[in-house]
Structure formats: C-alpha cells, structure tokens
Amino acid sequence: MATRWFVTGGAGFIGANFVRGLLARRRDSHVTVYDALTYAGHEISLDGCTRTGRFALVRGDVCDADALDAALRDASPDVIVHMAAESHVDRSIHGPAPFLRTNVDGTFRVLEAVRARPGLRVAVVSTDEVYGSLGPTGRFVEGMPLAPSSPYSASKAAADLLTLAYVHTYGLDAVITRCSNNYGPYQMPEKLIPLMILSALRDQPLPVYGDGMNVRDWIFVDDHCAGIELAAERGRAGREYNFGGECEKPNLEVVETILRKLDKPRSLIRFVTDRPGHDRRYAMDIARATEELGFRPSVDFETGMERTLRWYQDNLDWCAAVEDERHRTHMRANYERRLEAGAEPSADRAAPEETR
Ligand code: NAD
Ligand code: TYD
C-alpha cells in the first residue's frame with residue numbers, strides 16, 4: 001500500500017477532498033500537494049492539513065520540469081495522483097490556450113518525471129468527457145473511441161493518449177481514471193451545482209443553458225476520491241477505469257432540486273443562450289471498476305445534495321474568498337450578454353447532439 005502520495009492540483013476541488021480524506025482515514029499517509037494555485041486552487045481549501053504533520057504544499061507549475069523534479073526529489077513519493085488541470089468547459093471555449101498548456105504539456109512533463117523514476121506509479125485523473133456525447137441510450141465503456149467535443153475534453157483526451165503511449169513505449173506504471181460530473185464541498189462556483197446554490201441563496205437568476213435537458217451522471221466527490229485511491233493502488237498499468245454515480249439527471253431537474261431544498265421560487269430560473277457544442281448526455285458504465293477494483297458509489301443524490309447545500313451555507317467565507325477578481329472576470333464574460341439577452345427557452349432550444 002502506498003504511504004507517500006504526491007498530488008498535482010491538490011488545492012482544487014477534487015484535490016482538496018482527496019487529500020483531506022486520505023490524511024483523515026490513513027494515519028500512515030504522507031501527502032505532498034504540488035499546485036500552481038491558479039484561480040481554481042486555494043490554500044484555504046487545505047486548511048488544517050498542515051496540523052497533521054504529514055502534509056506539505058509546494059506551489060509549482062506542472063509545466064515547469066525543473067520545479068516538478070525538485071519537488072519530487074524532496075517528496076520521494078510511492079505514487080503520483082495527477083489531477084492538475086484547467087477544468088472548466090466554458091473557460092476552454094473562451095480561451096483554449098491554458099488548457100493545451102496545462103492539460104497536454106503539463107501531463108507530458110509529469111509523464112517524463114515518472115519515466116525518469118523507475119518504480120514510481122502514476123494515476124492520471126481524466127474525465128468522461130473524452131468519450132464525447134451520447135444519444136438517449138447507452139453508456140460510455142472503456143475502450144470506446146475517444147470523440148471529445150470541447151477544447152477542454154480534447155486536451156484531456158490528448159493527455160490520456162499520451163499516457164497510454166508512455167505505458168506502451170516505456171513500460172510506465174500508469175493508470176487512467178475517467179469520472180463523470182462531481183459535486184460537493186470546495187467546488188468553484190463557476191460549475192453548475194455551486195453556482196446554482198449561491199445564486200439561489202442570493203436570490204439572483206439561475207442561468208440554465210439551452211433547454212436544460214442536457215443530462216449529466218452526478219457523483220458525490222467522496223465517491224470519486226475513493227475510486228481514484230483504488231485505481232492508484234490496485235489498478236492495472238495501461239488500463240482506464242470509468243467512475244460514475246449511476247445518477248443521470250437533466251440539468252433542469254438538478255436546478256429545481258436546489259430551489260426546492262432552499263425554498264426558493266422557480267421564477268429564479270433563467271433560460272439563456274446555449275453553450276456552443278454542448279454535449280447532450282453523459283452516462284458511465286462502471287462495470288470494470290466494480291469488478292476489478294471493488295468500486296461502488298455510496299452516496300445517493302439526495303444525501304450528497306443535502307451535504308453540499310449545508311456545506312455552502314456554512315462556508316460563505318470560503319465562497320467570498322474564492323470569488324475574487326479572476327472569478328468575477330470570467331463570470332462577466334460568460335454571463336453578462338447571456339443574461340441581458342434573457343433568451344426564452346423555446347427560442348433557444350438546443351438541437352440534440354446525438355453523436356452515438
Ligand atoms: P479544479 O479546477 O477545481 O482544480 C484544478 C487544480 O489544478 C487547481 O488547484 C489549480 O490550481 C491546479 N492547476 C491548474 N493548472 C496548474 C498547473 N499548470 N500546474 C499545477 N497546478 C495547476 O479541478 P477539479 O474539478 O478538482 O478537477 C481535478 C481533475 O479531475 C482534473 O484533471 C479534471 O479534469 C478531472 N475531473 C473533474 C471532474 C469534475 O466534475 N470536477 C470530473 C471528472 C474529472
Ligand atoms: P459544468 O458544471 O460546467 O460541467 P460540464 O460542462 O463539465 O459537464 O456544467 C454541467 C451542466 O450544466 C452542463 O450541461 C452545462 C450546464 N450549465 C448550465 O446550464 N448553466 C451554467 O451556468 C453552467 C455553469 C452549466
């Protein structure tokens with residue numbers, strides 16, 4: 001079992017939950033977080049970790065090979081969990097360059113660092129979005145051809161393929177995890193669920209793209225973290241593992257659930273111009289992860305949502321800290337025109353993209 005963990009992107013949403021969980025449950029674990037602390041990475045999300053005496057935060061860029069090498073020399077890990085990424089589809093549409101840099105070149109640098117250290121294992125954290133979009137039926141299965149449709153998902157697919165090439169060519173000890181949409185504490189309020197929670201709490205409009213019928217397979221973040229841990233320790237090199245919550249929901253249903261639980265009116269919903277190239281439906285087949293790793297999602301949507309709502313209501317200071325100028329600039333660029341236009345749902349209905 002691994003004891004020394006090196007987590008790139010560990011100050012982000014999934015990273016903070018992963019690191020906190022590991023330190024709390026495994027008293028023999030030591031965790032180094034290597035993170036550039038971009039707009040999405042926050043030291044406060046890791047508050048309290050230092051007190052364990054088994055934690056270090058190194059501010060560094062995965063694209064900086066020398067800094068990465070120095071941090072790895074100091075940390076001397078058994079395993080790297082590589083989750084540093086630019087992660088937001090809308091931002092990738094406004095400006096793809098940082099996605100190519102961090103997700104492709106950054107993953108290349110991580111793979112090179114692993115290649116230089118025989119015996120070191122890496123789990124590359126990827127996404128269901130590399131498979132593209134589903135029609136009304138079927139699920140994504142590992143081994144399907146990749147068909148990414150946004151600059152974000154294309155950059156993640158490139159990273160996956162590079163990882164597989166390193167396993168094939170150099171015998172790298174690498175696994176790939178692909179997960180569906182996560183929700184839970186510490187998620188930046190630019191993503192659907194935290195954005196809708198905070199907007200509802202503030203009685204502000206809830207911007208729903210297109211007709212609101214795009215479907216995502218929601219998983220509570222702790223379940224994804226459990227899957228990453230399993231894959232990192234038990235996964236077979238060169239193998240991809242799908243994780244999902246077996247919880248498909250159209251966006252509109254998610255938004256209505258939030259409003260109902262917060263006792264806010266449905267009139268806060270605002271249908272706005274759709275996201276260009278918006279994938280219609282994602283759904284994961286998790287049979288491989290279940291059979292080979294013993295993975296099962298354990299938190300149902302009701303429970304996960306209650307926990308998430310309570311966390312945001314109790315952590316408005318965290319929200320204020322992360323909603324800084326970088327966040328506000330993105331929010332203006334992404335929503336100002338959409339909200340002014342006040343598109344009606346019928347005028348704006350998304351054409352279903354049924355690529356499979
Ligand atoms: P996030 O945006 O919340 O966090 C990303 C972290 O990476 C931040 O801490 C950021 O500072 C750091 N980072 C960005 N660029 C970096 C660089 N050049 N060098 C070092 N650190 C850098 O993302 P997240 O939602 O926590 O996602 C983590 C990983 O999981 C990503 O690889 C993402 O593609 C994948 N994933 C996310 C989801 C989801 O629903 N959020 C689902 C499936 C897969
Ligand atoms: P998001 O949280 O950005 O995750 P992803 O694009 O990676 O799936 O979006 C989840 C879904 O919610 C997606 O179908 C787009 C939709 N969405 C809205 O309708 N309004 C919004 O303001 C946001 C951010 C997303």
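In helix α6, the buried residues are Ile193, Pro194, Leu195, Met196, Ile197, Leu198, Ser199 and Ala200, and with 8 of its 10 residues buried the helix as a whole is mostly covered. This picture comes from a predicted model, in which the cover over the buried residues of α6 includes the strands β7 (182-183) and β8 as well as the helices α8 (251-261), α10 (301-314), α11 (316-322) and α12 (325-341). Just after α6, Asp203 takes a positive phi of about 55°.

**Nonpolar cores**

- The largest nonpolar core has 82 residues, and those with the most contacts inside it are Trp5, Phe18, Val19, Val31 and Ile258.
- Helix α1 (residues 13-25) provides the largest share of this core, namely 7 residues.
- Ile258, when its neighbours within four places in sequence are left aside, is in contact with Ile193, Met196 and Ile197, and also with Met305 and Leu309; of these partners, Ile193, Met196 and Ile197 are among the buried residues of α6.

**Surroundings of ligand 1**

- Ligand 1 is surrounded by 28 residues, of which Ile14, Asp35, Ser87, Tyr152 and Lys156 are the closest.
- On the oxygen side, a backbone N or O atom of Met83 lies 3.2 Å from an oxygen atom of ligand 1.
- Taken alone, ligand 1 exposes 840 Å², and the protein buries 96% of that area.
- The elements that give two or more residues to this shell are α1, β5 (121-127) and α5, with β5 giving the most, at 3 residues.
- By class, the shell around ligand 1 divides into 13 nonpolar, 12 polar and 3 charged residues.

**Surroundings of ligand 2**

- Around ligand 2 there are 20 residues, and those that come nearest are Glu129, Pro207, Arg275, His278 and Tyr335.
- An N or O atom in the side chain of Glu129 is 2.5 Å from an oxygen atom of ligand 2, while a polar side-chain atom of Asn181 lies 2.8 Å from an oxygen atom of the ligand.
- Tyr209 takes part through its backbone, with an N or O atom there lying 2.9 Å from an oxygen atom of ligand 2.
- Taken alone, ligand 2 exposes 510 Å², of which the protein buries 97%.
- Helix α3 (89-94), helix α6 (192-201) and strand β8 (206-209) are the elements that give two or more residues to the shell around ligand 2, and β8 is also among the elements that cover the buried residues of α6.
- The shell around ligand 2 is made up of 9 nonpolar, 5 polar and 6 charged residues.

**Ser153 in helix α5**

- Ser153 is placed in helix α5 (residues 151-170), one of the elements that give two or more residues to the shell around ligand 1.
- Because its relative accessibility is 0%, Ser153 counts as buried, the cut-off for that class being under 20%.
- Apart from its neighbours within four places in sequence, Ser153 is in contact with Glu129, Val130 and Pro148; Glu129 is, in turn, one of the residues that come nearest to ligand 2.

Note on methods
Residues are numbered from 1 along each chain as its sequence is written. Chains are lettered from A and ligands numbered from 1 in the order in which they are written. This is a predicted model: local features need pLDDT of at least 70, side-chain atom pairs count only at pLDDT 80 or more; totals for chains, interfaces and linings use all residues. Side-chain values use heavy atoms; hydrogens and water are left out. Helices (H or I, at least four residues) and strands (E, at least two) are DSSP runs, numbered from the N terminus. Buried means under 20% relative accessible area, exposed over 50%, partly exposed in between (1.4 Å probe, protein chains only). Contact means heavy atoms within 4.5 Å. A residue is near a molecule or strand if one of its heavy atoms lies within 4 Å of it. A polar contact is a pair of N or O atoms within 3.5 Å; within protein, one must be able to donate a hydrogen and the other to accept it, and residues adjacent in sequence count only if both atoms are side-chain atoms. Accessible areas come from the Shrake-Rupley method with a 1.4 Å probe; for residues, only the protein chains shown count as cover. Ala, Val, Leu, Ile, Met, Phe, Trp, Tyr, Cys and Pro count as nonpolar, Asp, Glu, Lys and Arg as charged, and the others, Gly among them, as polar. A nonpolar core is a set of buried Ala, Val, Leu, Ile, Met, Phe, Trp, Tyr and Cys residues joined through side-chain atoms within 4.5 Å.
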